[in-house]
Amino acid sequence: MTVAGAASAVADVDFTDAWLVVIDMQRVFTGDSPWSTPGYDRASAAIERILPRFAGRTVRTRFVAPEQPTGAWVDYYRDWPFALVAADDPLYDLTEPFAAVDGPVVTATTFGKWGTDLPALVGDHPHLVLVGVSTDCCVLSTALAAADAGVRVTVVADACAGASDADHEGALAAMRLYGPLVTVVDTL
């Protein structure tokens, strides 16, 4: 039932031992923030519906600015100075209901969250189910780094949101190119 460019059938995926990774559902991506993500509320509702399926197997992530940007990040934060605040600034708080979810939080100054902290929590070769924002940035960066490390990755398309609908669809299309390492599905 897969159509070119469409999400795969959920029935074909076993989520029994999978870890849900809720990527960057933070205040900085809502409201009147320069990084406000259209579709955030829609993605949030979809994530909230699937959270119960991953009780005890959910990790939330946060993107924060480094204390002192280096390399290309210097130019990045020159373009986005509003975001150059401390990691404990309310701007980087998780939104509800994600702030109240039991389980670990991985905080990183990088777009991709597959590094050292996430594998330490879920193991070196888990099955990751990725949801959150932004599809075309932190979700994409996490998915590709994890897949490159041999991790089975499932991205839930309608539980993600991009900088725009076109960017969201473009990122999903790029991730589909990495099958079978990365699978894109609709809400579980």
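When I speak of a contact this morning, I mean that heavy atoms lie within 4.5 Å of each other. With that in hand, we can say that among contacts in the chain between residues at least 6 apart in sequence, 79% join residues at least 24 apart.

Residues are numbered from 1 along each chain as its sequence is written, and side-chain values use heavy atoms, with hydrogens and water left out.

The pLDDT, which is the predictor's confidence in each residue on a scale from 0 to 100, averages 93 over the chain, and 93% of the residues score at least 70. Over residues 1–6, however, the pLDDT is below 50, and this stretch has four contacts in the model beyond near neighbours in sequence. Where pLDDT is low, the predicted coordinates should not be read in detail.

Now the overall build. Helices (H or I, at least four residues) and strands (E, at least two) are DSSP runs, numbered from the N terminus, and the chain has five helices and six strands, in the order β-α-β-α-β-α-β-α-β-α-β from the N terminus on. Of the 188 residues, 46% are buried, where buried means under 20% relative accessible area, exposed means over 50%, and partly exposed is in between, using a 1.4 Å probe and protein chains only.

Towards the end of the chain, strand β5 (residues 152–161) and strand β6 (residues 182–185) run parallel and are joined by four bridges; two strands pair if DSSP finds at least two bridges between them. Valine 155 stands opposite valine 184 in β6. Together with helix α5 (residues 165–176), these two strands make a right-handed β-α-β unit, which is to say that, with the strands pointing away from the viewer, the path from the first strand over the helix to the second runs clockwise.

Helix α4 (residues 135–148) has buried residues that include Cys138, Leu140, Thr142 and Ala146, and what covers its buried residues includes β1, β4, β5, α5 and β6. Tryptophan 114 is buried, with a relative accessible area of 14%, and, leaving aside neighbours within four places in sequence, its contacts include Thr142, Ala145 and Ala146.

Finally, the aromatic rings. Rings of Phe, Tyr and Trp (its six-membered ring) pair if their centres lie within 6.5 Å, and planes under 30 degrees apart count as stacked, over 60 as edge-to-face and the rest as tilted. A search of the whole structure finds 14 such pairs. The rings of phenylalanine 29 and tryptophan 35 have centres 5.9 Å apart and planes at 15 degrees, so this pair is stacked. Tryptophan 35 also forms an edge-to-face pair with phenylalanine 82, at 5.0 Å centre to centre and 75 degrees between the planes. Because tryptophan 35 lies in the loop between β1 and α1, and phenylalanine 82 in the loop between α2 and β3, this pair ties together parts that are 47 residues apart in sequence. Tryptophan 35 is buried at 10%, whereas phenylalanine 82, at 25% relative accessibility, counts as partly exposed.

Terms used. Predicted model: local features only at pLDDT ≥ 70, side-chain atom pairs only at ≥ 80, totals over all residues.
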